[in-house]
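Visitor: I would like to go through this structure by question and answer. Please give the cut-offs as the terms come up.

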Amino acid sequence: MSSADEILDIVDENDQVIGQSPRGAAYAQGLRHRCAFIQVRDAVGRLFVHRRTPTKLVFPSLYDMWVGGVVGAGETYDEAALREAEEELGVFGLPSPEFLFKFLYDDGAGRTWWSAVYEVRCDLPVNPQVEEVAWHAFLPEEEVERRLPEWEWVPDGLDAYERLRAYRAAG
């Protein structure tokens, strides 16, 4: 089964399930679904940053400072956050990511999803999925900040990053 065939819960503006759809059709039709964003830091606090592969359905070849992805039909945000983090990092036995907040991402051009934001510390050696990650590194946050205007980032990830900075500032 390809990722386009994965079944997703389709949700309304209040994040209530109103149906289900294959992932490819949900993207093509702009159906609102659910995603988990997990910020990963290593033992010294550096952020996991990666470049997506050119074969990704959404935002191919762009940089991202999150791991994560869609929440499958019937799956909770928490379940998806742990599954996606372990899958993308290529690790097993990661602690459960800590939920921080949720927001509705909508780019106004048919890309919209409820986004649950998490953080987790990964002390394990990572071995990211070659199907998902073309390049990766743990970078100090200052370097990530310096790279924001230089690299082409996934737009939903930039939105989540700005919201996380505001969330922490309001702390």
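Visitor: How many bridges join β4 to strand β9, and in which sense do they run?

Guide: This is a predicted model, in which local features need pLDDT of at least 70 and side-chain atom pairs count only at pLDDT 80 or more, while totals for chains, interfaces and linings use all residues. Residues are numbered from 1 along each chain as its sequence is written, and side-chain values use heavy atoms, with hydrogens and water left out. Helices (H or I, at least four residues) and strands (E, at least two) are DSSP runs numbered from the N terminus, and two strands pair if DSSP finds at least two bridges between them. Strand β4 covers residues 47-52 and β9 residues 133-139, and the two are joined antiparallel by 6 bridges.

Visitor: How many residues of strand β3 are buried?

Guide: Buried means under 20% relative accessible area, exposed over 50%, and partly exposed in between (1.4 Å probe, protein chains only). In β3, His-33, Cys-35, Phe-37, Gln-39 and Arg-41 point one way, Arg-34, Ala-36, Ile-38 and Val-40 point the other way, and all are buried. Strand β3 (residues 33-41) is therefore largely enclosed by the rest of the structure, the buried count being 9 of the 9 residues.

Visitor: Which strand pairs with β3 in the parallel sense?

Guide: Strand β6 (residues 67-70) is joined to β3 by 4 bridges, but runs antiparallel; there Gly-69 is the bridge partner of Ala-36. The parallel pairing has 9 bridges, and its other member is β8 (residues 112-121).

Visitor: What is the relative accessible area of Phe-37?

Guide: Phe-37 lies in strand β3 and stands opposite Val-117 in β8. Leaving aside neighbours within four places in sequence, its contacts (heavy atoms within 4.5 Å) include Trp-66, Trp-113, Tyr-118 and Ala-160. Phe-37 is buried, and its relative accessible area is 6%.

Visitor: How far away from Asp-9 is the nearest side chain of opposite charge?

Guide: Lys and Arg count as positive and Asp and Glu as negative, with His and the chain ends not counted. A salt bridge needs a side-chain nitrogen of Lys or Arg within 4 Å of a carboxyl oxygen of Asp or Glu. Asp-9, in strand β1 (residues 7-11), is buried yet has no salt bridge; the nearest side chain of opposite charge, Arg-34, is at 4.2 Å.

Visitor: Which backbone nitrogen does the side chain of Asp-9 reach?

Guide: A polar contact is a pair of N or O atoms within 3.5 Å; within protein, one must be able to donate a hydrogen and the other to accept it, and residues adjacent in sequence count only if both atoms are side-chain atoms. The backbone nitrogen reached by the Asp-9 side chain, at 3.0 Å, is that of Gly-74.

Visitor: What is the radius of gyration of the protein?

Guide: The protein has 4 helices and 9 strands. The radius of gyration is taken over C-alpha atoms, and the globule rule is 2.2 Å times the number of residues to the power 0.38. That rule gives 16 Å for 171 residues, so the protein is as compact as a globular protein of that length, with a close radius of gyration of 15 Å.
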